[in-house]
Amino acid sequence: MSAATVNSLFPAFPGGAKVDVAPLQTVDFGKLLARDHAEVQKLLSACVTHGFFYLDLQTSDVGRKILEDEQGVLRFMENYFAQPRDVKMLDDRQSFLHGFKPVGTFTGAKKNQRDCYETLKVARAEMLDKSEKMPESVKKQIELFDSFMSLSHLINYTLLACLSDALGLKDSGRFEESHRDGHETNTCLVMLHYPKSVGEGNIGHNKHTDIGSVTLLFSEQWGLQVFAPETQTWQFVQPRPRGHATINVGDSLRFLSGKKLNSCVHRVIPPTGDQQLEDRYSIAYFLRPENKATYEDADGKNISASQWHDEKYVMFGVEHEKQDASKMLTGGMEGILGKA
């Protein structure tokens, strides 16, 4: 993944500095909906190489509607995360899947430091059930979140179906068969806020691969980086607001594919030095397999999707030294890409 130049149509890097930018492919969602053969092959190419790409959402009604909803979710986040910490902690359910997570829960992007982001999570299962357990603030905007999550699910599910087609998968071997409705899953929406630096002991979001199958990510600000195997360096992902999402393959889809598809090691850091100079927001919808789905993990061990999910979340919080001694944090990809 040789570096690309900054695209002048999208936000410039803070301060105008020149940085290495990941040359991600752009896939047209409207063409995927129409099952355009060339576009499906472009999707497969992105997923068997770097596992990260832009998705142009401007070419379909589904895409245009989720772009509209995204702005509503972003406005919600700005208000929600501006609340005092003790108010947000009322939504802390001590869960990997539900509610609020405060800053500093997991390791940060540098040794001996903790993370510098807080999250609010809404599980798909609770949204489908219109559960009373969801945060009150989410329930007050239930139509917005129901629409956004439904469209996110449709987009990610379409990507799964197209990849099944591209790989010639049949019947129970298709990826959709591990992501059926009506089966327990850890699929969820995660809203992330990186506040202006809260102290010297907190920085960014540590390197990792995503747990699930497909991640649909919206972010209008710099900070996301991917590890480039060709140069063995970190490259920034240029944000493409108001039109595109960023997609990445997660561990579970890689494992379900028999490791034909690649997940990408990525992290989030302040774009200018160690201090987060502005509030940064991103929205991620994590499509994950049915909890009882099984696959061979990074160590060649048969494991259920729910076990991988829970054990990896624990790994996010342990010391960097323990993380480095395990393949779990980066899904075994460092053995393929090089040490990030």
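Lys and Arg count here as positive and Asp and Glu as negative, with His and the chain ends left out, and each charge is placed at NZ of Lys, CZ of Arg, CG of Asp or CD of Glu. On that basis the chain carries 39 positive and 45 negative side chains, and the centres of the two sets sit 2 Å apart. The model is predicted, so local features need pLDDT of at least 70 and side-chain atom pairs pLDDT 80 or more, while totals for chains, interfaces and linings use all residues. Residues are numbered from 1 along each chain as its sequence is written, and side-chain values use heavy atoms, without hydrogens or water.

Now to the fold. Eleven helices and 14 strands make up the secondary structure of the chain (DSSP runs numbered from the N terminus: H or I of at least four residues for helices, E of at least two for strands). The radius of gyration, taken over C-alpha atoms, is 19 Å, close to the 20 Å from the globule rule for 340 residues, so the chain is as compact as a globular protein of that length; the rule is 2.2 Å times the number of residues to the power 0.38.

Of the 340 residues, 59% are buried, meaning under 20% relative accessible area with a 1.4 Å probe, protein chains only. In strand β12 (residues 280-287), eight of the eight residues are buried, so β12 is largely enclosed by the rest of the structure.

Strand β12 also has partners. Strand β5 (residues 188-194) pairs with β12 in the antiparallel sense over seven bridges, pairing requiring at least two DSSP bridges. Strand β7 (residues 214-219) runs antiparallel to β12 too, joined by six bridges. Phe 286 of β12 stands opposite Cys 188 and is the bridge partner of Thr 215.

Notes: Buried < 20%, exposed > 50% of the residue type's maximum accessible area, 1.4 Å probe, protein only.
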